[in-house]
Amino acid sequence: MTLGLDLTLIAGLLALALHVVIVRDDRNAVVAFVAFGLLLGLAWVRLYSVDVALTEAAIGGGVTGVLLLRTEALIRPASAAPTASRRSGGALAAIACVLLAGGLAIAVLSFPNPAPTLAPEAAEALGRTGLGNPVTAVLLAYRSLDTLLEKIVLIIALVGLWSLAPETLWGGAPELHPTAIPEPLVYLARVLPPFGVLIAVYEFWVGADAPGGTFQAGTILAAMYLLVLKAGLRPAPEVKRTALRVLVAGGPALFLAVGFLGFLMADGFLSFPDGAAKPLIVGIEAALTLSIAGILSLLVAGPPSKAPAP
Amino acid sequence: MTYIMDGFTLICVSAGTLLFLAGTLGLLRFPDTLSRLHALSKADNLGLGLIVIGLLPQATSVTGALKLVCVWLLAQLSAATASQLIAGVVFRGKPPPK
């Protein structure tokens, strides 16, 4: 019974992946990519990785899709018929992808059986972190350096996006909403955000003990804020505002500060003192959630397109 | 008692999936955007609603059941808005917004 479901999922994923690569129309490809992200989320659920599934649906299906759609709309006039160089580039990319996928397949198939795993060690040390969700423990305690660097990469991406603005607009506000805002969108932007914020807080809080966490909660918050911006209920903020920059950098900065505190209070960089791990992790997660929400919504909003008020 | 519950679930979820199937057929076969939207919203609202009602007896707790109902209500809200937006674009005959 479940085998049928799994095979259908795999067939759907392969068909969508092929469609994304083959289809000529860029927007069509992006829409298929979003559907691919959602289906991939289901596949992760089938692999019992609900944390990854939630992140895949939020980031792979949601934010990446919106970013790609907006980019496609911006570059459409420039990207007309496919040229010869684009085609040869595509062939090169296809060969590289096939080689990489083949290598990965060989590596995965040649794993010893049972595959090497750190799961018992991770589960054993779980009690010392005070957390109930091993995924959160890996992200914020065992391998927190990776998580920290990942958040800093997000900030660098945002700075890179902002620097696309012309000199005169630097520090100004991005423009997100269309000139004529449809009535139903305004209604949705008034009704949905309270629920969205509630769900985001729940996702963040439950992440300590069950699937959920900062990225999922931050993405939901970002989506709600973008809905409000898109419906024109609030003007987009000027990116030179101090409060906005504190919000964006706050989470990683707090993470880094707690990391350095580890030298004084525990065994070294990014190590938490015994007994205080859980409150520290929850505090870092709260700040990170807000930072991620800010960064993701500003990434989607795009580079500043209005001159800053003097 | 559990037999009745399970039977209820089976009937409702089957009806719901049937509606999804019909909606998908309509989405693929109907001639214009508005009738395709019509088919899609039937699947979204009624199909998902039937599946949720069918799953209610299987919920282990009251909060679990409430969450299911919330999923349906939120899906209703977003599906209705999306349909309205797409229909509005078609009605005004403009290209889709960027």
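## Where the chains meet, and some rings

Visitor: How many salt bridges are counted between chain B and chain A?
Guide: Keep in mind that this is a predicted model. A salt bridge needs a side-chain nitrogen of Lys or Arg within 4 Å of a carboxyl oxygen of Asp or Glu. Between chain B and chain A, the count of such bridges is zero.

Visitor: And how many residue pairs are in polar contact between chain B and chain A?
Guide: Here both residues have to be at pLDDT 80 or more. On the side of chain B that touches chain A, there are four nonpolar, two polar and two charged residues. The number of residue pairs in polar contact between the two chains is one.

Visitor: What area is buried between chain B and chain A?
Guide: The size of an interface is often given as the accessible area lost when the parts come together. In this case eight residues of chain B are in contact with 13 residues of chain A. Carbon and sulfur atoms give 75% of the buried area, and the area itself is about 970 Å².

Visitor: Let's turn to the rings. Is the pair A:Phe260 and A:Phe269 stacked or tilted?
Guide: A pair of aromatic rings is described by the distance of the centres and the angle of the planes. For A:Phe260 and A:Phe269 the centres are 5.1 Å apart, with 50° between the planes. Stacked needs under 30 degrees and edge-to-face over 60, so this pair is tilted.

Visitor: What about A:Phe263 and A:Phe269, stacked or tilted?
Guide: Their centres are 6.1 Å apart, and the angle between the planes is 25°. A:Phe260, A:Phe263 and A:Phe269 form one aromatic cluster. Since 25° falls under 30 degrees, the A:Phe263 and A:Phe269 pair is stacked.

Visitor: Over in chain B, which helix holds B:Ala22?
Guide: B:Ala22 has a relative accessible area of 44%, which means partly exposed. Its C-alpha atom is separated by 25 Å from that of B:Phe91, 69 residues apart along the chain. The helix of chain B that holds B:Ala22 spans residues 2-29 and is H1.

Conventions: Residues numbered from 1 in each chain as written. Chains lettered and ligands numbered in written order. Predicted model: local features only at pLDDT ≥ 70, side-chain atom pairs only at ≥ 80, totals over all residues. Heavy atoms only, no water. Contact = heavy atoms within 4.5 Å. Buried area = accessible area lost by both parts, 1.4 Å probe. Polar contact = N/O pair within 3.5 Å; in protein donor to acceptor, adjacent residues only side chain to side chain. Nonpolar A, V, L, I, M, F, W, Y, C, P; charged D, E, K, R; others polar. Phe/Tyr/Trp six-rings, centres within 6.5 Å; stacked < 30°, edge-to-face > 60°. Helix = DSSP H or I, 4+ residues; strand = E, 2+ residues; numbered from the N terminus. Buried < 20%, exposed > 50% of the residue type's maximum accessible area, 1.4 Å probe, protein only.
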